[in-house]
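Work through the exercises below with the sequence and the 3D structure open. Each task is followed by a solution in steps.

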Number of protein chains: 2
Amino acid sequence: MSDDPSGSEPRRTAADNAQLALLLEVSATPKPGNVDRHRDLDDLRFEQFMAGAVGAGAGLRQAADGGEIGPAFERAVAGMAEFAGENTQFGCLLLLVPLVRAAANDALTPDGVTKLVEATTVDDAISFYRAFEHVDVAVGDPPEDADALDVRRGSDATETLRERELTLYDIMGLSADPNDGIPDGNAREWVTGFERAFDAADRLLAAEGPIGDRTARVFLALLAEEPDTLVAINHDEATARNVSERAAEVADDIAAGDDLSAAEELAEEFVDAGYNPGTTADLTAAALFIALERGLSV
Amino acid sequence: MSDDPSGSEPRRTAADNAQLALLLEVSATPKPGNVDRHRDLDDLRFEQFMAGAVGAGAGLRQAADGGEIGPAFERAVAGMAEFAGENTQFGCLLLLVPLVRAAANDALTPDGVTKLVEATTVDDAISFYRAFEHVDVAVGDPPEDADALDVRRGSDATETLRERELTLYDIMGLSADPNDGIPDGNAREWVTGFERAFDAADRLLAAEGPIGDRTARVFLALLAEEPDTLVAINHDEATARNVSERAAEVADDIAAGDDLSAAEELAEEFVDAGYNPGTTADLTAAALFIALERGLSV
């Protein structure tokens, strides 16, 4: 196809793979408690996730073209919110944007992405805060001494961020390891070289069978391994631990047999109870992106 | 958001709406005989349509940026094939690319798109033929006197196209009204101002309820109104007429009641029988695009 008159060859860009990761994440089923191919929630429908993935495209392409992480993230969130009308993938994008930027630098490794997130600036932090103005995001209360840094302040936090010279990486550090309050699972990825996402990507690549089944199994394993931040925020930490214990039981059943029916039952149970492990879904999307970059195909 | 530091505002581009139309089309259920949110076919899975929609993005953006119709179409098809590994949305793209180009010109009307397709060139026709080299597309046999123009010739048809000075619009005219063989439903859209797509878009906008249900109803109405080209190619014209008659019966049942269960039964029946009304799905995607451009939201 070197004589392709359309000028540029079709290339599989990191932004494309990130959009596909968002779509494959929401399509995989069963993912207990979350929207999936077979389940909507009362206030979030499958089609809104399709729309969010499309709307995030411009911001993801900005990151793939070498744009700064904060502005690319803000743009991805704004586009997601415009298309979906709700917060569908804020947490996914917080993980995907630095990973896309790393892939575009040919540095999609724990070290490569760590160098990028450590190099984020105060301006990136300001963009991150402003992203909360585009959409309603479930967040925990800030630590008592950190009210000025409550993300719900949006751009009102600008002055504080500048005064204290806090970069986006600093903010993630505070959220990953708060004095009190709930540690944020996505922030922890930022400060640990996206450890769990890379590990889950390896599992996606090593698994066999249809991509939707592999993804559902990896989601369940991730949920079993660590309490979900969003469940802890929307309910409490005991509930989050309990949800993970239930997931671990089902993950064991599934590992023993070969059938996802126990996970189907858990999905009904969690949807009914309103347990929505959204942070685990964010990690799953990040893992899908890494796996797609490394050759996973649909 | 006029102080958005990311440089450009998030804007809902025609290429974004075309990608979303592809995703909403495949997600809508039940669409008897086709892949939908609840059904895969033996040789085509839902995830491949997600991948195809992502892969087509670069070509759709080329059209939205004012690129020529033939090369933008070829690029969209090449990207779709690279991502999906199969022909998922060739026919959809044949309709969407000129519609996207028309929308980008602020001329998304039957007249506006007709001016664009009438202005296509011999080079556009050559790109169209080359698109068949990227992916295996089900096509009817060419008319007996038109073997040199069989699309399966791919770029081997270049010389013939140049000698006879045939534009892409000319080629669509031949397919829309062949001497013998099966008239192509998508080609007919090209030469009739995309009449059925615009009409179906009006119905999508006028309907009520969740977008997936509206889309399923419009799909069924389109199938009831005209025999599907792909069914006629893969089976025969009598089968295609019979499939449309069955769809008409169910469409009447649904119009009388308010429940899609008769369409669910028809979906099982058509999948079992291998009736795959793909051309009707192409029209549905085109209608979704027009409706999204006119304000339909998820």
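**Exercise 1. Find which residue of chain B comes closest to the rotation axis, and state how the two copies are related.**

Step 1. The residue of chain B that comes closest to the rotation axis is B:Arg37, with its C-alpha at 3.2 Å.

Step 2. This is a predicted model, in which local features need pLDDT of at least 70 and side-chain atom pairs count only at pLDDT 80 or more, while totals for chains, interfaces and linings use all residues. Residues are numbered from 1 along each chain as its sequence is written, chains are lettered from A and ligands numbered from 1 in the order in which they are written, and side-chain values use heavy atoms, with hydrogens and water left out.

Step 3. Two copies of a chain are related by a rotation about an axis and a shift along it. Here chain B is superposed on chain A by a rotation of 180° with 0.0 Å of shift along the axis, at an RMSD of 0.0 Å. That is the relation of a two-fold axis. The superposition is by least squares on the C-alpha atoms of residues with pLDDT of at least 70 in both copies.

**Exercise 2. Describe the interface of chain B and chain A.**

Step 1. Count the residues in contact (heavy atoms within 4.5 Å). Chain B gives 45 residues and chain A gives 45 residues. Of the interface residues of chain B, 100% are also interface residues in chain A, so the copies meet through the same surface.

Step 2. Take the buried area, which is the accessible area (1.4 Å probe) that two parts lose on being put together, summed over both. Chain B and chain A bury about 3700 Å² between them, and 58% of it is on carbon and sulfur atoms. B:Arg37, B:Phe83 and B:Val298 supply 19% of the area that chain B buries against chain A, more than any other three residues.

Step 3. Look for salt bridges, defined by a side-chain nitrogen of Lys or Arg within 4 Å of a carboxyl oxygen of Asp or Glu. The rule finds two across this interface. In one, B:Asp40 pairs with A:Arg37, with the closest N and O atoms 3.0 Å apart. B:Arg37 likewise forms a salt bridge with A:Asp40, with 3.0 Å between the closest N and O atoms. This pair runs from the loop between α1 and α2 of chain B to the loop between α1 (14-27) and α2 (46-55) of chain A.

Step 4. Classify the partners: buried means under 20% relative accessible area, exposed over 50%, partly exposed in between (1.4 Å probe, protein chains only). B:Arg37 counts as buried because its relative accessibility is 7%, whereas A:Asp40, at 34%, is partly exposed.

**Exercise 3. Which residues does B:Phe289 contact, leaving aside its neighbours within four places in sequence?**

Step 1. B:Phe289 is among the residues with the most contacts inside the largest nonpolar core, which has 170 residues. Such a core is a set of buried Ala, Val, Leu, Ile, Met, Phe, Trp, Tyr and Cys residues joined through side-chain atoms within 4.5 Å.

Step 2. With those neighbours left aside, the contacts of B:Phe289 are B:Ala14, B:Asn17, B:Ala18, B:Ala21, B:Leu96, B:Leu99, B:Val100, B:Ala103 and B:Leu108.

Technical notes
Helices (H or I, at least four residues) and strands (E, at least two) are DSSP runs, numbered from the N terminus.
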